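Hi,

Here is the structure I promised to pass on. Have a look at it first, and then read my notes below.

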Amino acid sequence: MVRQYIIVAIALFSCSVCLAQSKADKDFEKIRTLLIRQENDKAEKQLLKMVEKYPDYLPAQLALGEVYFVSGNHALAKPYLLFVASNDPAFDPNCHIKLADIYEKEGKTDSCEAALRNYLAFSPDREPYLKKRKEVQHRTDCLLFRKEAVSNPVNFAPYNLGADINSQFDEYLPTITADESSLLFTRREKDPLTNKYEEGFYLSKATNGQWQKAELLPGVLNSQFNEGAACISPDGRYIYFTRCHAPDGVGSCDIYRSEKKGDSWGEAENLGTNVNSASWDAQPTIASDGRTLFFASNRPGGMGESDIYFTYLKDDGSWTKAKNCGEIINTEGKEISPFIHPSNQVLYFASNYHCGMGGLDIFYSQIENGKFLPPQNMGYPINTASDESCLIVSAQGDYAIYARQRDEGRGGLDLYAFELDKSLRPPAVTYVCGKITDFESGKAVRAKIEVRNLDNTKVVCSAMSDDRSGEYLVCLPVGADYAFSASSEGYLFHSENFSLKTSDGKTPYQKDIAMKQISIGSSLVLNNIFYSTASSSLLKESFAELNTLVKLLDENPSLKVEIEGHTDNVGSEQYNNKLSQERADAVKNYLVEKGIAESRLKSRGYGFTKPIADNSTEEGRAKNRRTQIRITER
């Protein structure tokens, strides 16, 4: 009521002080006093008499329209506001905004747009109108977007995920593994003992492409504290989630992480003050590189009600100080529920300020060279006048899952899936999975997997294998060549490379790896060492693997190795012996330049004397053209 009084009083003051003191002015001053006293009923009766007595007196017409408008009676307000706007469009520019509000509620888009343009036409282009003009221009742009979106709908046929996933309660914030074997989501249900609503995590496993009955996750994740808004890493090894009002919390709600150990989940770990603040931090999503985490926060210093931030996991296990994603993504409104696609090339989120259909809409921003491109609306009817959020997209990019309340649903918010219009699909992603074991015993090995793009040597993804099962999974966008490595303390690292430039992403790759322990005589083929054709010049694509070798030697200072150069049988024996020796020397020289003592290194070229494959085929010859190391002393 106080706020309504202020709105009316300011409007009446602005239109009354500028008029000469006529009889009508004096009568109006008495009514204004009633409004200041918040005696609106008496003021309304007096205003009705006044507009009848002075039908052309605009302050009374406007005041009566204002009284009805702030009380929510738009039908009665409309004719009085229209009278003022029609007779003197510049009398009170705010009158046009109120008419726009009325037209929008009536669904009269063209009339709403015209009223907004009238405000821009008749309001002064100076302070104190500049902020309001900016808001109205944004609103006009969004209105035009809605008209265009409705005229050009995207293909959209959502279907409910069914009773095994949805219940009479709210289900939302889904997350899915890259191999589509597990679906994790939050359910807000009533506790029959306390009669209070609590959030909890549910997990559904897929069998033959069908989701099975969702089960409540064990107590480590569903504790006595309020948890929700989780994401599961693409490899299924980690769950990042929100926990509120916990003893080890930094703010009201913090982001935690739990690691999978075999079939169970480890204790929850607070991500610390570099990530969490004294405010609300929630709704995490982890990129397929295993290092970049996005989340929503309403911490001070943001751009609006809530913003999207990101942080990066460093090699030492600590997180970088969280940074705001910037004005391309965040606005003066609300941005929430981020989701980074496994391709690491598209960020999805919900916003109530970027131009949409109304309320919260789902947007996506493509990422190029580490920078966000202007967000695009997912389109109508994916987005409607209601709130839409909590969207995730499959690794293949062909379908999405999101939360929506519909009349035909099972109750409250339900999870729906729909095939993505081809114009909206992100780059397809496939994955490499398998087990990492000890070469001798066959037991599981906990190893770090790292995949780099061979063109730019940047890390595309990293992951850890399960120390109980040895299982791992890493996501890879199609259309590039990759260098793959696995390393573990006490073992020689494993490396290889493969091409996904012609892959359609539909076929995953199975790669089991047997790791060799560091011992005298054990050898390692350096599959990601590359030279210029018929030359010993190292290509830049080799440096990542060479640096991994440097690290291995640094961590094991007693090791001595022989660097072996090998060739295929094309060309003379003399030519191949010389080339293989020069290539082995090139690797040795690189290691020495990086600080490895020359006394620990030997280099020898074997030419084509030690083939490991048939030289009669190109595939065999490629395997024989190799550089490897052999442990000579430890």
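Ser-318 touches Tyr-312 and Leu-313, leaving aside residues up to four places away in sequence; contact here means heavy atoms within 4.5 Å. You'll find Ser-318 in the loop between β14 (307-312) and β15 (323-324). (Helices are DSSP runs of H or I with at least four residues, strands are runs of E with at least two, and both are numbered from the N terminus.) The side chains of Ser-318 and Asp-316 are joined by a polar contact of 2.7 Å. That term stands for a pair of N or O atoms within 3.5 Å; within protein, one must be able to donate a hydrogen and the other to accept it, and residues adjacent in sequence count only if both atoms are side-chain atoms. Ser-318 also sits 8.6 Å from Asn-274, C-alpha to C-alpha, although 44 residues separate the two in sequence. With a relative accessible area of 26%, Ser-318 is partly exposed. The scale is: buried under 20% relative accessible area, exposed over 50%, partly exposed in between, with a 1.4 Å probe and protein chains only.

Before you go further, some ground rules: this is a predicted model, where local features need pLDDT of at least 70, side-chain atom pairs count only at pLDDT 80 or more, and totals for chains, interfaces and linings use all residues. Residues are numbered from 1 along each chain as its sequence is written, and side-chain values use heavy atoms, with hydrogens and water left out.

Now the cysteines. How many disulfides are there? The count comes to 2, taking a disulfide as a pair of cysteine sulfur atoms within 2.5 Å. One joins Cys-142 to Cys-355, with 2.1 Å from S to S. Cys-142 is in helix α8 (residues 130-151) and Cys-355 in the loop between β17 (346-351) and β18 (361-368), so this pair ties together parts 213 residues apart in sequence. The torsion about its S-S bond is about -80°, so the Cys-142 and Cys-355 link is left-handed. Cys-142 is buried, at 5% relative accessibility.

The other disulfide is formed by Cys-244 and Cys-253, whose sulfur atoms are 1.9 Å apart. This link is right-handed, with 105° about the S-S bond, and both of its cysteines are buried. If you number the bonded cysteines in sequence order, the pairing reads 1-4, 2-3. Cys-390, by contrast, is in no disulfide: the nearest cysteine sulfur, that of Cys-231, is 13 Å away. Cys-390 is buried too, with a relative accessible area of 11%.

Next, the cores. A nonpolar core is a set of buried Ala, Val, Leu, Ile, Met, Phe, Trp, Tyr and Cys residues joined through side-chain atoms within 4.5 Å. The largest has 39 residues, and Leu-47, Met-50, Tyr-57, Leu-81, Cys-95 and Leu-99 touch the most other members. Helix α4 gives the largest share of this core, 9 residues. Another core, of 35 residues, lies apart from it and includes Val-346, Leu-391, Tyr-399 and Tyr-416.

Last, a sheet. Four strands make an open, antiparallel sheet in the order β1-β23-β22-β21; two strands pair if DSSP finds at least two bridges between them. β1 (159-160) and β21 (389-393) stand at the edges with a single partner strand each, so one side of each has no neighbour in the sheet. β1 pairs with β23 (residues 414-419) over 2 bridges, and Asn-160 stands opposite Tyr-416 in β23.

Cheers
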